[in-house]
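Open the model in your viewer and keep the selection panel to hand. This tour goes stop by stop.

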Amino acid sequence: MKYYHIIAFGCQMNKSDAERLAAILEGLGYQKTDNEKSADLIAVVACSVRQSAVDRIYGKIKIWNKLKKNKKIVTLLTGCVLKSDQKKLSQSFDLIFDIKNLNKLPKLLKKERPISSDYFSVTPKYQSKFQAYVPISTGCNNYCTYCVVPYARGPEISRPAKEIINEVKSLINSGYKETTLLGQNVNSYYSENYNFPKLLKTINDLPGNFWLNFVTSHPKDLSDELIKIMANGKKICQYMHLPVQAGDNKVLKAMNRHYTSVHYKNLIKKIRKAMPDIAISTDIIVGFPKETKAQFNNTAKLMKQINFDMAYLAEYSPRPGTAAAKLEDNVPAAEKSRRWKILNEILKKSALKNNKNYLKKIVEVLINNHDKGYFYGKTKTFKTVKIKKSPNIKIGDIIKVKIIKAADFCLEGVRLE
């Protein structure tokens with residue numbers, strides 16, 4: 001028996017890629033192991049969004065080179081990888097291939113086996129028995145100046161709607177409680193006369209008891225039609241991740257984001273008018289090249305006005321291969337750190353304020369983890385809730401919980417029997 005070990009860096013899309021890769025490897029006779037030292041094949045599904053993610057791969061290579069001295073190990077690299085990084089890493093990996101060419105893997109491993117010709121058609125080896133990621137597109141056409149995804153994954157390709165719907169139907173029939181639709185920009189999805197709102201409504205209307213999520217939305221493409229579908233969809237989770245990246249128009253233009261701060265704020269107003277209880281998260285980069293203190297203050301002002309439930313904050317770092325990497329990285333590291341801390345303090349206040357609204361409320365929670373005497377789960381608004389361990393609760397349950405405590409990034413509740 002030969003064993004495989006997969007490391008997926010970064011976003012949910014990479015985790016979904018890893019599930020398809022695992023399915024191919026198991027079809028070739030490999031068995032999963034969580035121990036790198038036991039593996040005969042180690043595969044990396046890379047993330048190229050930040051240089052730090054690529055640097056982590058180099059750290060792993062040193063470990064694997066030591067293992068290779070005592071055992072023959074095949075190493076694979078796929079996922080989100082720039083051609084320039086492929087060239088640098090080619091001597092460290094036995095195989096490097098585009099994830100879209102997953103069907104060629106058996107031949108690369110010299111193990112001929114009939115396989116679907118299409119990446120999307122590969123039935124994943126789902127890592128969870130109650131939560132599933134379903135990609136609806138791959139690649140990106142937006143070319144944000146700080147991002148390598150269009151270069152690493154190529155242009156946007158939408159998956160046929162019938163394939164997506166059939167995969168979700170299969171998940172529902174298998175008892176899955178939550179499905180998350182994935183795309184670099186779900187809002188620009190289009191296939192077989194289906195735009196994203198129509199696809200979302202079609203899946204929402206499928207029979208069964210399940211939760212429906214999606215990521216990620218781009219503000220320039222978010223439509224009134226989508227907001228209406230979300231508001232009326234009983235299975236669609238009342239949560240939206242809507243990256244703003246900056247609150248200053250000149251910085252947004254330099255990022256090639258194609259919207260203004262006013263447009264973004266008006267979107268939030270529309271969303272909250274249609275769905276008053278919705279939770280909204282975002283991404284923000286501080287210290288983008290030439291970002292002045294006044295421009296940063298516009299971002300801080302926007303954060304205070306919107307009151308996000310969560311924000312994923314990042315200090316800008318040049319990513320080779322992007323347009324922004326050609327600009328002078330002129331904001332000092334100490335200043336980037338200062339700006340990050342300011343936004344984080346704003347976030348903690350708004351998150352706590354929003355979470356206090358849950359006190360004494362009864363919510364549904366999907367249990368997905370446990371640790372040190374507590375079960376943890378998520379609400380349909382993507383809030384983390386902890387509940388004291390009980391023998392009548394298990395991972396994968398959806399239970400009703402009354403919220404008794406609220407912190408900035410976590411709620412605590414008791415199960416209602």
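Each stop below says what to select and what is there.

**Before you start**

This is a predicted model, in which local features need pLDDT of at least 70 and side-chain atom pairs count only at pLDDT 80 or more, while totals for chains, interfaces and linings use all residues. Residues are numbered from 1 along each chain as its sequence is written, and side-chain values use heavy atoms, with hydrogens and water left out.

Helices (H or I, at least four residues) and strands (E, at least two) are DSSP runs, numbered from the N terminus. Buried means under 20% relative accessible area, exposed over 50%, and partly exposed in between (1.4 Å probe, protein chains only). Contact, or touching, means heavy atoms within 4.5 Å.

**Stop 1: helix α7**

Select residues 196-204, which form α7. Which residues of α7 are buried? They are F196, P197, L199, L200, I203 and N204. These residues sit on the same side of α7, because they cover an arc of only 160° around the axis. The arc is that of the directions from the helix axis to the C-beta atoms.

Now show what covers them. The cover includes α6 (161-173), β9 (178-182), β11 (194-195), β12 (211-215) and α8 (224-232).

Then go to the N-terminal end of α7. N195 caps it. A side-chain oxygen of N195 lies 2.9 Å from the backbone nitrogen of K198. That is a polar contact: a pair of N or O atoms within 3.5 Å; within protein, one must be able to donate a hydrogen and the other to accept it, and residues adjacent in sequence count only if both atoms are side-chain atoms.

**Stop 2: backbone exceptions**

Most residues other than glycine have a negative phi, and most peptide bonds are trans.

- Select V215 and T216. The peptide bond from V215 to T216 is cis, with omega near 0°. T216 is in the loop between β12 and α8.
- Select Y143. Its phi is positive, near 50°, and the residue is not a glycine. Y143 lies in the loop between β7 (137-138) and α5 (149-153). Its relative accessible area is 36%, so Y143 is partly exposed.
- Select N307. Here phi is about 60°, again positive in a residue that is not a glycine. The loop between α11 (293-306) and β15 holds N307. At 22% relative accessibility, N307 is partly exposed.

**Stop 3: R319**

Move to the loop between β15 (310-315) and α12 (333-356), where R319 is placed. Is R319 buried or exposed? It is buried, because its relative accessibility is 2%. Show its contacts, not counting residues up to four places away in sequence: S48, V49, R50, Q51, V54, L82, D85, Y146, V148 and A325.

**Stop 4: the second largest pocket**

Rolling a probe the size of a water molecule over the atoms shows where empty space is left. On a 1 Å grid over the protein atoms alone, where a 1.4 Å probe fits, a pocket is an open set of points with protein on both sides within 12 Å along at least five of seven lines; lining residues have an atom within 4 Å of a point.

The second largest pocket holds about 480 Å³ of space. A volume is the space filled by probe spheres set on the points, which are joined across faces, edges and corners. Of its 19 lining residues, select D277, I278, Y358, K361 and T381, the closest to the centre. Strand β16 (residues 362-371) gives the most to the lining, with three residues. The lining divides into seven nonpolar, five polar and seven charged residues. Ala, Val, Leu, Ile, Met, Phe, Trp, Tyr, Cys and Pro count as nonpolar, Asp, Glu, Lys and Arg as charged, and the others, Gly among them, as polar.

**Stop 5: T384**

Select T384 in strand β18 (residues 384-388). T384 is partly exposed, at 23% relative accessibility. Its side chain joins that of K378 in a polar contact of 2.7 Å. T384 and F409 are 25 residues apart in sequence and 7.1 Å apart in space, C-alpha to C-alpha.

**Stop 6: I268**

Finish in helix α10 (residues 261-274), at I268. I268 is buried, with a relative accessible area of 4%. Leaving out residues up to four places away in sequence, I268 touches L242, I280 and I306. Between I268 and L242, the C-alpha to C-alpha distance is 9.2 Å.
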